[in-house]
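I opened this model to go through its backbone, its cores and its helix contacts. My entries follow in the order I made them.

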Amino acid sequence: IGTSVVNLRLRESLREKSIRDPLSGLFNRRFMEETLEREIRRSIRLKSPVGIIMADIDNFKEFNDTYGHEAGDIMIREIAQLLTNHVRQEDVVCRYGGEEFLLILPGAAPDLVRGRAERLRTDAHSQTIRYMGLPIGPVSVSFGCSSFPADGDDGSEVIKVADMHLLQAKREGRDRVVC
């Protein structure tokens, strides 16, 4: 029995490592892609939307250059925690890559998605990131939103629209939401 328990724990540990980003603790991109496709299939069955929020930490390269990669890692973990703390239990928060994050919001209509992104944007300003005991920042995050089925026929199309909106937010001056 002891060997079986150890094997089960090992299997669960390996599964967690295969779907989680080690730095942020969020789900990784591979898990996000699988989850989004599953949520879209469910959305079709239930005739309900799936909201997408893509978030990017503003001026992250400059932040890293100024404070170093260790401080950048702290910033990523803090923003990951902020995102996780501000979603419903059924929502999925993923690290998309680098300083980008993607949120999947099953059943969320476009107005709810926009409202959630705006709240996250304003709450990011209140984040106090500490590095070596000192506050660093300020923190701002840009957001691009989209929704299935309004913005695409599949997961990759909806993500492309959210990414286009995120790039528009960056071009328009950062620290904003574009849907």
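**Entry 1: D21 and the ground rules**

I started at D21, which lies in the loop between α1 (2-19) and α2. Helices here are DSSP runs of H or I with at least four residues, strands are runs of E with at least two, and both are numbered from the N terminus. The model is predicted, so I noted that local features need pLDDT of at least 70, side-chain atom pairs count only at pLDDT 80 or more, and totals for chains, interfaces and linings use all residues. Residues are numbered from 1 along each chain as its sequence is written, and side-chain values use heavy atoms, with hydrogens and water left out.

Is D21 buried or exposed? D21 is buried, at a relative accessible area of 13%. Buried means under 20% relative accessible area, exposed over 50%, and partly exposed in between, with a 1.4 Å probe and protein chains only. I then listed what D21 touches, not counting residues up to four places away in sequence: L26, F27, N28 and R95. Contact means heavy atoms within 4.5 Å.

**Entry 2: R116**

I moved to R116, in helix α5. R116 is buried, with a relative accessible area of 16%. Leaving out residues up to four places away in sequence, R116 touches I53, H86, V87, R88, D91 and L105. I checked V87 by C-alpha distance: R116 and V87 are 29 residues apart along the chain, and their C-alpha atoms are separated by 8.2 Å.

**Entry 3: nonpolar cores**

I looked up the nonpolar cores next. A nonpolar core is a set of buried Ala, Val, Leu, Ile, Met, Phe, Trp, Tyr and Cys residues joined through side-chain atoms within 4.5 Å. Which residues touch the most other members of the largest core? They are I53, M75, I79, F101, L103 and F143, out of 32 residues. At least two residues of this core come from each of β1, α3, α4 (69-85), β3 (100-106), α5 (110-125), β4 (129-131) and β6. Helix α4 gives the largest share, eight residues.

Setting aside neighbours within four places in sequence, M75 is in contact with I57, F60, F63, I129 and V139. A second, separate core has 19 residues, among them F31, M32, L36 and V158.

**Entry 4: helix packing**

Axes are lines fitted to C-alpha atoms, for helices over the stretch in contact, and angles run from 0 to 180 degrees between N-to-C directions. The classes are roughly parallel under 35 degrees, roughly antiparallel over 145, roughly perpendicular from 65 to 115, and oblique for the rest. From α3, the residues F60, F63, N64 and Y67 meet H69, A71, G72, M75 and I76 in α4. I sorted this contact by class: six nonpolar, three polar and no charged residues. Ala, Val, Leu, Ile, Met, Phe, Trp, Tyr, Cys and Pro count as nonpolar, Asp, Glu, Lys and Arg as charged, and the others, Gly among them, as polar.

Helix α2 (residues 29-46) and α6 pack at about 110°, with axes 10 Å apart. So α2 and α6 are roughly perpendicular to each other. M32, L36, E37 and I40 of α2 make the contact with G155, S156 and I159 of α6. This contact has four nonpolar, two polar and one charged residue.

**Entry 5: backbone**

Most residues other than glycine have a negative phi, and most peptide bonds are trans. I looked for exceptions. N59 has a positive phi, near 55°, and lies in the loop between β1 (50-57) and α3 (60-67). N59 is partly exposed, at 37% relative accessibility. R174 also has a positive phi, near 70°. R174 sits in the loop between α6 and β7 (177-178) and is partly exposed at 33%.

Where is the cis peptide bond? I found it from F148 to P149, with omega near 10°. P149 is in the loop between β6 (141-148) and α6 (155-171).

**Entry 6: cysteines**

How many disulfides does the structure hold? I counted zero, taking a disulfide as a pair of cysteine sulfur atoms within 2.5 Å. For C94, the nearest cysteine sulfur is that of C145, 15 Å away. C94 is buried at 1% relative accessible area, and C145 is buried at 2%.
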